Amino acid sequence: MDAHSILVVEDNPDDQVLTIRALKSASENSPVIVLEDGQEALNYLFGDEAGHSCRNLDSLGVVLLDVKLPKVSGLEVLKQIRCSPRTNWLPVVMVTSSDEPADLLDAYRLGANSFITKQINYREFTEQMTVLARYWLQINKVPKAGSAPSIG
Amino acid sequence: MRDHLKYFIFTILCLCLGLAPANGSIRSEYEVKAAFLYNFTRFVRWSQVVDSTAPLIVCVVGDDPFGELLDPLRGRKSQGRELQLRYPDSTFELTGCDVLYISQSQSRNLPELINLARQEGMLTVSDLPDFIRKGGMLGYVKKGNVIRFEINLKAATEAGLTINSRLLELAVRVLR
Amino acid sequence: MMRGWRYWRLKTKLLFLTLFVSTLGIALVCASLIFVENRNYKKQLESELHVIAGILAEQSAAALVFEDNVQLTSIISSLERINTIRQACVYNEQDNFMTSLVGIDEQPCPSLDQRLELGFVDDVYRLLMPVSLGNETVGRLFLSSHLEVLRGHIRTFVWVAIGIGSTILLALVFLALRLQRIVSGPILTLSETAERIAMNHDYSIRAPVSGTDELGRLGNTFNEMIGTIQQQNLRILESRDNLERVVDARTSELSMANRELEAFSYSVSHDLRQPLRAIEGFGQALEEDCGEHLNDVGKDYLRRIRAASVRMASLIDGLLILSRVSRQSMENHSIDLSQMLREITDELKDISDHPPAEIHIQPGMQVVGDSRMLRIVFQNLLGNAWKYSSKEKKRVIEVSATLEGSVIAIEIRDNGVGFDMRYIDKLFVAFNRLHTPSEFGGTGIGLATVYRVIRRHHGTISATSEVGKGASFVVKLPVSGDQR
């Protein structure tokens, strides 16, 4: 069985490196796709204006979406994901460096599957990522995109 | 109604008049005449008399028909003058008289007396019949039982006497 | 009838008074006129009769003297033409009856033997006049006159008086009504205007004013008064509007500042932590991936870098909490404080239960307030107690509450190291610490946050301590959270 890939949307290069490092130590097989901002994420998921729209999303296991993103915010991206039948099945974990309570509530209202605060202590952060990867990639099941009724 | 009333009043008056002679009839004829004599003096003014306090002298000439009946007059006052009585025997004694009662016995001397009286300003009184026609001034007349009198105003005026009109009103006859 | 006097309308009062006084006046005038007229008429009658009697006496003197009854009767019968004469009798000198004129009454002439009542007797006037001749009395004349003419005269007079009186009264009523329109009309209008103003609170209404008499002046003064009230109202409304505008402006300014502050703290929370996490993360990665290239000194430095970044992160957290408790809106509820304190101590025990702890929490304590904020307060206070008693052989922490009127006082007492009361004024100020980091860790923000939250709950906090003998913190909160 092919390992599902993890889509990470994170603008900060330091965090990109640290996140990838943490995820690799948790699950070496799963590919990690890193995108820099919200617009890029939307383009990846729904296709860009050029028309590359038929990217297969079946291999996606989970999306780690930073709340605070340049151009299009993480919450906006989440909203778009939940609005489209193409993507609304995707498990989305919101990740934030703050513990602003308002964000937490908004995220769940928009249909986030999980919400985590990045720990300052890297050991704890690695632990978070390990647990997260194990749960969403190994324990959790996701439907195939093709099995969902096509609405067009 | 009014006639009825008048009739009633007349009846009463007659009654009253009937009573009066009944009272008067107690008095004799000369009693009344004496009273009249006094009363005459109260309605006559003597213009020749100057002194108003001088006694008023009543002279009875001839036979005295009054007897004592005139005595009450003595001393009575008439118009402020005291009455005095005289019974003169002759014509000469008449001077000073104010009132001259001429009795029936003197009918012969009548013109003389009347003349004198006119000259002297005396009031002449008599019960001689037709006295005033003969020049007398006040004459008694008898109407039935009632003594009345008549007046010769002309004679009185000639004698200088003024007779009160009230007296004239009462007179049976007035010669003017 | 007079009981309702004060409740009568002014109009009625004026009318009543006018009519009462004028009726009284007219009645008095009429009565006195009638009285005077009656007397005058009697006098006149008396003198007339005396004149008549005098003439008769003079006329009848001679007839009396000569006892000429016919003449007497004719004299007296002249009285028949005078219809007021009821009876005339003539008596002679001896008071004997001579003749008479009998009127309708047909009464016999009175005898003079007994005393005769003379003058006004009942309905007749009687007169006895001596008939004199010279100075002598020769008889007497008795006259009796009925007073019907007088009565009729008086009756006519009364009717005329009543007629004139009623005419005057009618005229007076008319006048009073006119007067009332002049006097009470404006007063009524004024009072109605005042009532309308009082009822509608409409101060733009003015009383109609005409003339410059007292009523006109009253109306003008009233209008001026209402005008002043209107202007003052307007001014009050204007200033209220101004105030509202100012408040609105301030409120929008304040909410803008609040939003800016929120945005600021949001970015602080995000952007300040991110580099710290990078420092910490790469430190860790360095230690794990390249540990073999580092000697012990290098590893120690790396550890210190990571520890500093963690402390920095907790400082940022503390500041965020402080700023959040300052600006967050409060939701006041009744809180089971005892339960909350047990939860907090359980958490503390989970973190470190050394040395063994003896915790006494008074059961059943209730407070009113924002539970999240108060949890922060007691987390801080109990955390401090926990922290500063960690070097004792045994932790003893007591929490008790007393009700002081409308205020609940909660005391948290520990057996820790305590502090020097000289520095009490620095206790609740942010970043002021009474212990060195080597003795006890901490940010110096906790008690500042506690102080802020308690102040927002309209409460007070005080602390007493002696070095080495523990500390006591007393939080006083209003029992009812609505108190402001």
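**Figure 1. A disulfide in chain C of the predicted model joins Cys89(C) and Cys109(C).** The two sulfur atoms of Cys89(C) and Cys109(C) are 1.8 Å apart in this predicted model. Cys89(C) belongs to strand S1 (residues 85–92) of chain C, while Cys109(C) sits in the loop between strand S2 (97–102) and strand S3 (119–121) of chain C, so the link ties together parts 20 residues apart in sequence. The angle about the S-S bond is -85°, and the link of Cys89(C) and Cys109(C) is left-handed. Cys89(C) has a relative accessible area of 0% and is buried. Cys109(C) is also given as buried, with a relative accessible area of 19%; the limit for that class is under 20%.

**Figure 2. A disulfide in chain B joins Cys59(B) and Cys97(B).** The count over all chains comes to two disulfides. In the link of Cys59(B) to Cys97(B), the S to S distance is 1.6 Å. Strand S2 (residues 56–61) of chain B holds Cys59(B), and the loop between strand S4 (81–86) and strand S5 (99–102) of chain B holds Cys97(B). These two cysteines are 38 residues apart, and the pair links distant parts of the chain. The link of Cys59(B) and Cys97(B) is left-handed, with -90° about the S-S bond. Both Cys59(B) and Cys97(B) are buried.

Figure 3. Is Cys83(A) buried or exposed? Cys83(A) counts as exposed, because its relative accessibility is 61% and the exposed class begins over 50%. Cys290(C), with a relative accessible area of 30%, is partly exposed.

**Figure 4. A nonpolar patch lies on the surface of chain C.** The patch is formed by Leu10(C), Leu14(C), Leu179(C), Ile182(C) and Val183(C). Together these residues have about 400 Å² of accessible area. Helix H1 (10–65) and helix H3 (148–200) of chain C are the elements that give two or more residues to the patch. H3(C) gives the most, with three residues. Leu10(C) lies in helix H1 of chain C and is partly exposed, with a relative accessible area of 38%.

**Figure 5. Gln71(C) touches residues of chain B and of chain C.** Gln71(C) has its place in helix H2 (residues 69–76) of chain C. Which residues does Gln71(C) touch, not counting residues up to four places away in sequence? Under that condition, Gln71(C) touches Glu169(B), Leu170(B) and Ala63(C). Gln71(C) is buried, with a relative accessible area of 15%. Two pairs of chains are in contact, and chains A and C share the most contacts. Chain A and chain B do not touch, and their nearest C-alpha atoms are 137 Å apart.

**Figure 6. His4(A) is found before strand S1 (5–9) of chain A.** At 16% relative accessibility, His4(A) counts as buried. Residues up to four places away in sequence aside, His4(A) touches Ser30(A), Pro31(A), Asp58(A), Ser59(A), Leu60(A), Gly61(A), Leu137(A) and Val142(A). Chain A has five helices and five strands, and from the N terminus on these elements run β-α-β-α-β-α-β-α-β-α. Of the 152 residues of chain A, 46% count as buried. Among the contacts in chain A with a separation of 6 or more, 68% are between residues 24 or more positions apart. Chain A exposes about 7500 Å², of which carbon and sulfur atoms supply 51%.

**Figure 7. Helix H1 (residues 2–24) of chain B has the lowest mean pLDDT among the elements of that chain.** The mean pLDDT of helix H1 of chain B is 46. Strand S6 (residues 123–126) of chain B has the highest mean pLDDT among the elements of chain B, at 91. Over residues 9–25 of chain B, pLDDT stays under 50. For residues 9–25 of chain B, the model has ten contacts beyond four places in sequence. Chain B as a whole has a mean pLDDT of 81, and 85% of its residues reach 70 or more.

Note on methods: Residues are numbered from 1 along each chain as its sequence is written. Chains are lettered from A and ligands numbered from 1 in the order in which they are written. This is a predicted model: local features need pLDDT of at least 70, side-chain atom pairs count only at pLDDT 80 or more; totals for chains, interfaces and linings use all residues. Side-chain values use heavy atoms; hydrogens and water are left out. Helices (H or I, at least four residues) and strands (E, at least two) are DSSP runs, numbered from the N terminus. Buried means under 20% relative accessible area, exposed over 50%, partly exposed in between (1.4 Å probe, protein chains only). Contact means heavy atoms within 4.5 Å. Accessible areas come from the Shrake-Rupley method with a 1.4 Å probe; for residues, only the protein chains shown count as cover. Patches are made of residues with over 30% relative accessible area and no salt bridge: like charges are joined within 9 Å, nonpolar side chains (Val, Leu, Ile, Met, Phe, Trp, Tyr) within 5 Å. A salt bridge is a side-chain nitrogen of Lys or Arg within 4 Å of a carboxyl oxygen of Asp or Glu. A disulfide is a pair of cysteine sulfur atoms within 2.5 Å. pLDDT is the predictor's confidence in each residue, from 0 to 100.
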